[in-house]
Structures are given as structure tokens and as C-alpha cells.
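Hi,

Here's the structure I promised to pass on. Have a look at it first, and then read on for what turned up.

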Amino acid sequence: MGSEVGDPVSVRYVGSGRADDRTRQAVAALESAPSIRSVHRSTTTVDAIEQCVSAAVDCVVCEFDSPGVDGMAVLDALDDATPFVAVVDSGDGSRELTALERGAARTLRRPPDATGWPAVLVSTVRDAVEQRRLVESAGDAGKRYRSLFENNPLIIWEEDYSASKRRLDDIAARVDDLEAHFEANPEVVRELMADIDVVDVNENALAYYDAPSKAALLSNLDQVFTDVAYESAAGMWLALAAGETTYRWETVGRTLSGERKHEIIELNVPAEYADTLERVYLTAMDITERKRQERELQRQRDRLDEFASVASHDLRNPLTVAEGHLDLAMEDCDNPRLADVAQAHDRMRSLIDDLLALARDGRPVDDPAPVPLAAVVDACWDTVETGDARLVVDTDRTVRADEMRLKRLFENLIRNAVEHGSTGPSSTARADAVTVTVGDLPDGCGFYVEDDGPGIPTADRESVVDAGYTTVESGTGFGLAIVRQVADAHGWELAITAGEDGGARFEFTGVDADPVS
């Protein structure tokens with residue numbers, strides 16, 4: 001990067017040009033921070049990659065949830081010397097972990113409330129750059145280096161791997177498959193670890209590992225290393241044997257008081273020590289809270305799955321029995337109140353179906369497949385009672401999605417348009433029957449569903465996707481909530497606006513197109 005520790009920082013901020021207060025405040029905070037020299041903007045993936053290659057900066061900040069921006073592609077295009085900060089708005093934490101594994105220096109969850117967000121971003125950028133600069137200048141002695149080492153907010157280990165390197169080279173010369181050798185002989189990894197000479201740790205490590213002094217920490221390393229730590233270290237030795245000078249992995253450590261810590265460890269070997277490994281620097285990042293959140297999310301998913309099972313079996317079965325008895329009762333007597341019971345049964349079944357969809361459709365889509373939009377929309381139109389409504393399909397795009405959940409999205413949008421878009425009995429042909437249009441967004445980053453009905457008032461556009469919201473007596477209030485959950489599960493962003501003819505328009509951005517389409 002050509003910059004020294006303490007120099008002002010240049011930043012490239014990658015995010016869409018949409019009117020987002022959090023983005024504007026973040027860029028403004030970076031531009032006004034004394035430690036930031038300059039801020040450059042990119043609003044598309046292609047521009048970000050081209051600019052990062054042609055115009056080097058000290059740090060790249062990328063909004064992973066920004067429409068039209070592929071954060072992973074930008075990250076992969078960067079060289080290892082440029083710190084990358086991944087900004088994520090939502091999700092279960094898997095994208096953050098993937099970004100860290102692919103080389104991101106930091107991840108940052110952007111809260112819905114912008115208060116405090118810009119200051120956190122400025123601090124995160126500065127810390128990421130200073131860490132990288134510290135590693136690059138690790139061979140330089142002096143008071144400034146020692147001060148930064150001791151006072152750095154990260155946990156830093158300075159170690160000598162030279163003895164381990166000699167043992168590793170000897171093993172690699174004797175075996176054909178080093179990975180298989182480690183698997184068959186796990187004690188070898190422990191021997192390599194035992195040969196490491198810890199030169200120093202910084203002051204921040206003492207508080208992190210609950211150690212009263214450096215001497216106490218270094219003399220009790222056997223308490224810090226868990227069985228998981230030894231097992232996960234095998235990948236590091238394989239990388240070093242292959243000549244790699246950087247490596248990042250996830251592991252579990254332990255404090256001297258016995259508390260387990262989930263960590264991301266990053267190894268860096270300065271170029272002058274690449275052959276001997278006499279100096280190796282390790283930084284540790286605490287992800288314990290993130291792991292706790294992941295476990296809590298998994299428990300929530302398990303509870304939703306349990307609910308879905310109960311709803312599917314324990315609610316449907318007695319409802320089926322009740323419907324059967326009602327059919328027999330209607331054969332025996334002609335009571336108009338029985339029709340009300342039948343209507344109540346229909347509503348109960350609709351509620352059960354929608355609750356099941358809510359429970360199941362919120363889970364992230366892990367394995368999307370190519371799905372042609374036009375074919376899905378046509379199939380959905382045939383399954384929904386549309387009366388005299390008209391359909392216009394203006395897309396030949398194929399997207400990557402979960403087909404069943406995408407069908408539920410379109411079915412609910414079509415049903416919503418038909419129920420709210422026209423007036424009068426559906427069996428009567430009318431000139432005012434609603435028209436539903438499905439098409440591509442102009443920038444190619446998604447699709448829209450639009451009708452020419454009365455539309456949704458601006459004040460109601462956020463609340464209409466809340467579970468239970470309905471303006472129709474016979475509605476369940478879950479239709480548009482299901483639409484939002486399906487979009488969230490795919491990582492798409494949903495915006496509700498007015499259509500060209502005043503109706504409701506639902507725009508979905510951040511949609512991946514299938515490469516072969």
C-alpha cells in the first residue's frame with residue numbers, strides 16, 4: 001500500500017447509489033474523519049473491481065446487501081494486501097464467516113438505526129488498516145512499533161516457528177501425503193505446536209485470556225489450547241508446508257479461568273522470514289457472541305420446524321374430521337348456519353397453510369437452482385382464482401432461486417393484486433378488471449410485480465408486509481408477510497412503490513441471474 005503506521009487512510013466505499021441514510025451518514029463520517037485522507041465511491045461490482053485494480057487504496061468497505069453489488073466478487077478480486085470490511089444488514093452470520101474465511105479483515109453488522117453506525121465504521125476501518133500495516137512493518141524495531149503492538153485492540157502473538165519448520169520439512173520429505181499423515185498421526189500436530197517459541201504477546205491478550213501477566217499466560221499455554229485448537233491447526237501446517245505466508249482459520253481457545261472462546265485466527269509471515277519462519281504473527285478475533293447468535297438462530301429454526309410439524313399433523317387431522325362430520329350433517333339437515341361452519345373451516349385451513357409457509361419459507365436458501373420466471377408466473381396464474389384479471393409477462397429471465405418458495409411468492413402477489421385491485425363479483429366480466437404485470441428491472445438486478453389497481457398508500461407500505469395485516473375480511477393477513485420472508489430467505493431486497501398506472505409495484509433486487517440464461 002505504500003503507507004506507514006499512523007498515516008491517514010484512503011478508502012473505497014462500494015455500495016449502490018440508492019437513497020439510504022445509513023450509507024450517506026457512513027460516507028459523510030469517513031470523509032470528515034481526521035484519520036481518513038480520501039473516500040472514493042463505487043456503485044457497481046464491475047466499477048469496484050476495475051477501480052480497486054487501477055487505483056490502490058488502503059481499505060475497501062463493501063455493502064454486501066447493496067442491490068447490484070456482489071461483495072464476494074469484489075473481495076476475491078482484491079490483493080491480499082488491501083484490508084476489506086464486509087458490511088452486512090441481515091442474515092444468520094454465515095456470510096460474515098464466509099467473508100472472513102475468504103480474506104476479509106473485518107465484518108460489520110449494520111443496524112437498522114443509524115445512530116452510532118458511522119463512528120463504528122470509521123473505527124473499524126482504521127483498526128483494519130493499522131493491523132495490516134503493523135504486520136507489514138513487523139520487522140522494523142523501534143518505540144512506535146512496540147507502542148502499537150502493546151496497545152493494539154487486537155490480540156497479537158509474535159512467535160518463532162523455525163524449529164517447527166525444520167520438523168515440518170523433515171516430515172514432508174518422508175511422507176507422500178502430508179494431510180493423510182496428520183490425520184493418521186494427530187500427535188504430530190501437537191509436536192509441531194510444542195516446538196513453537198512464543199516471543200511475545202500484547203497487553204490486550206492478557207485481558208482476553210484472563211491472565212494476570214505475560215509470564216502467567218506463556219507458562220500456561222496448555223490451558224489455552226483446546227483439543228479443537230490442535231485439530232484445526234493441522235490446516236495451518238499444511239498451508240505453511242505449501243509455502244503460504246498467510247492463513248486464516250476458525251478454532252476454539254480457552255481462557256486461564258476456563259471460559260471457552262470461539263476465534264478466527266489469522267497468521268501472517270513477513271516476507272523476510274518466509275523461508276525460516278523465525279517470525280510469525282498471529283491475530284485473534286473473538287467470534288464467541290456470533291457463535292451464540294448462530295446457535296440461537298438454529299434453536300429458533302428447530303422450534304419453527306417443530307411448529308410446522310404440529311400444524312401439518314395435529315391441526316390438519318382434526319380439521320379434516322370436523323369437515324367430514326360437517327358434510328354428513330349438511331346431508332341430514334338444511335340449516336343455513338352449517339354454511340357458516342364450512343366457511344370457518346375454509347378459513348382455518350387457509351390460516352394453517354399460511355402459517356406453515358411462514359414457518360418454512362424464512363429459512364435461508366442454501367442451494368438455489370435455475371428457475372425461468374415466465375414459466376413459474378404462468379403456472380402460478382393457473383393455480384390462483386383470478387376471475388377476469390389479466391396477466392402480462394415481460395421477462396425471459398432465468399434466476400437462481402428455490403422454485404417452490406418462488407411460486408409461493410408469485411401466488412401471494414397475484415392473489416393480493418386480484419383481491420385488492422378490482423371491485424365487484426369475480427364472476428362478472430368487467431372493464432375495470434386488474435392487470436398484473438411481471439417484468440425485469442431496468443438495471444438487470446431483479447424483477448418486479450405490478451398491478452394497475454388502487455395501489456397501497458405510502459403510509460402503509462412498510463406495515464403491509466407484517467404478519468396479520470389485512471384489509472380484507474376473508475384474508476389471513478399472512479400473504480405479503482410470506483412474500484417478504486421468501487425475499488429475505490434468498491437475500492433479495494424488497495421495495496414497495498407505486499406502479500406506472502397508480503397500482504402497487506413490488507420490486508425485488510439483488511437477484512442472481514443464472515449464468516446460462
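At what angle do helix H9 and helix H13 pack? The model is predicted, so to speak: local features need pLDDT of at least 70 and side-chain atom pairs count only at pLDDT 80 or more, while totals for chains, interfaces and linings use all residues. Numbering starts from 1 along each chain as its sequence is written, and side-chain values use heavy atoms, with hydrogens and water left out.

Back to the helices (DSSP runs of H or I, at least four residues, numbered from the N terminus). H9 (residues 186–194) and H13 (residues 227–241) pack at about 85 degrees, with axes 9 Å apart; axes are lines fitted to C-alpha atoms over the stretch in contact, and angles run from 0 to 180 degrees between N-to-C directions. The two are therefore roughly perpendicular (65 to 115 degrees).

On the H9 side, Val189, Arg190, Leu192 and Met193 take part, meeting residues of H13 that include Tyr230 and Trp237 (contact is heavy atoms within 4.5 Å).

Trp237 turns up again in the largest nonpolar core, which has 38 residues: Tyr161 and Trp237 have the most contacts inside it. Such a core is a set of buried Ala, Val, Leu, Ile, Met, Phe, Trp, Tyr and Cys residues joined through side-chain atoms within 4.5 Å, buried being under 20% relative accessible area with a 1.4 Å probe, protein chains only. H13 gives this core its largest share, 6 residues.

Buried residues make up 47% of the chain's 517.

Cheers

Terms used:
Parallel < 35°, antiparallel > 145°, perpendicular 65-115°, else oblique. Buried < 20%, exposed > 50% of the residue type's maximum accessible area, 1.4 Å probe, protein only.
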